[in-house]
Amino acid sequence: MTKRHGYALLSAFVALVVALSVTILLRTASGDSTSGATATGRRPHHGSSAAPASAGTWVGSWATSPVGAEPGTETTGLAGRSVRNVVHANTGGTSARITLSNLYGQAPLTITHTTLALSAGRGTATARAETMRRLTFNGAYTVTIPAGGQAVSDAVRIVVPHDQDVLVTTYSPTPSGPVTIHPHARQISFVAAGDRAEESTGVPYAQRSTYWRYLTALDVLSNEADGTVVAFGDSITDGLTSTMGENRRWPDMLASRLRSAAGRGADVPRYSVVNEGISGNQVLADGLGRPAENPSGLSRFGRDALSRPNVKVVVIDLGINDVTHSRTPADGEKITDGLRTLVRQAHARGLKVVGTTLTPFGGYWRWTQPLEAMRQRVNAEIRAGRVYDAVVDFDLALRDPADPQRMRPVYDSGDHLHPSDLGFRKMAETLDLGLLKGAGQAEL
């Protein structure tokens, strides 16, 4: 071989390596990420499913935690039915992608038709027909998600305005159960018989649901936000007692505050907010099952907080369920140690952690004076700066000055543990937006 031929072969090899590397990077940037999922089927030929051409930052516009398996779907799942999830985009963008989960499935989940569209209005299964987009996974229409896995769609070009309901519809033709859900969605979603994924009218969607099924994230390529804030907590973050369909959970209201302040030119970060609350969640204890339903904060933190796109800050409001289920006085120290573990994990990723004090629960059926003393000890550690990088005093904001062990009646939903809509608003207003500044960049 001559020296000239050797150089030519070397140049060709280098060019091939560069081309392959660019392809991998482009597919990664567009959200081509799965946990063992396989994609099959014809590739799209229309322009609406092409990769995004605009600039921006990928951020979370909406998210929820997979919590457990839907009762009654153990053998057949939702085979032969279209599931239309309704979610609320708190941040707008020019392209979108979704994440589907089969975490609690016991068999592979095959989805042959997935669409995304803007809702024609609040509380409806009707889509704006001109916004209907068929989604692909790794370039294919059909995706098979193994039991315990998830799949991220390819990015699709669509203008998603902020404060907009979005319809994500999936159709699975074959039995696969149980269905992975997030209960207590505080949002009505819909189900129709047959493959109605591209049906723009809501007529076939006669069955209503208070669950989110399969869907765990909606990300957007945004010029409105430069990063994501994750609200990580229990039912108080999940918004268990907020008004159905009105998006009045405290993370919803925090997202609105941030967007409004940034729009006025205030010195605040341009962040989206996603809600990773689970009703009944604890810092330390997992639920039953394998994988565990309602997994502890410690076991799910990497999945639900650290893995969000361009996450910058985590706001943690967690621990009151550990208190109410506590058995010994020493459990208070275990709670704060668990919270510190979450903070160390976030710091390892360059993230800032804002923590909240535990809110009053006097009058709740589990309340006792020893448990109240434990809550006060946990709050003392938090206020002293020995747990989080910064503190939001939700306890002080919500408690009744005349009886500090209880919530003020106007902020109480009535069960003496969960806030009302006004209570959730007060929580969002209490968080100083300046505390969200100074966050690091997570390398995802």
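Predicted model: local features only at pLDDT ≥ 70, side-chain atom pairs only at ≥ 80, totals over all residues.

In helix 4, which spans residues 297-306, the buried residues are Gly297, Arg300, Phe301, Asp304, Ala305 and Leu306, where buried means under 20% relative accessible area, with exposed over 50% and partly exposed in between, using a 1.4 Å probe and protein chains only. Helices here are DSSP runs of H or I with at least four residues, strands are runs of E with at least two, and both are numbered from the N terminus. The cover over those buried residues of helix 4 includes strand 18 (227-233), strand 19 (271-277), strand 20 (311-317) and helix 6 (331-347), with contact taken as heavy atoms within 4.5 Å.

Residues are numbered from 1 along each chain as its sequence is written, and side-chain values use heavy atoms, with hydrogens and water left out.

Let me turn to asparagine 247, which sits in the loop between helix 2 (235-238) and helix 3 (250-263). Is this residue, asparagine 247, buried or exposed? It counts as buried, because its relative accessibility is 11%. Setting aside neighbours within four places in sequence, asparagine 247 is in contact with His88, Arg122, Asp165, Gln187 and Asp252. Its side chain is joined to that of histidine 88 by a polar contact of 3.4 Å, and to that of arginine 249 by one of 3.5 Å; a polar contact is a pair of N or O atoms within 3.5 Å, where, within protein, one must be able to donate a hydrogen and the other to accept it, and residues adjacent in sequence count only if both atoms are side-chain atoms.

Not counting residues up to four places away in sequence, threonine 91 touches several residues, among them Val59, His162, Ser222 and Ser272.

Finally, there is an open sheet of three strands, in the order 3-13-16, with antiparallel pairing. Its edge strands, each pairing on one side only, are strand 3 (68-69) and strand 16 (212-213), where pairing requires that DSSP finds at least two bridges between two strands.
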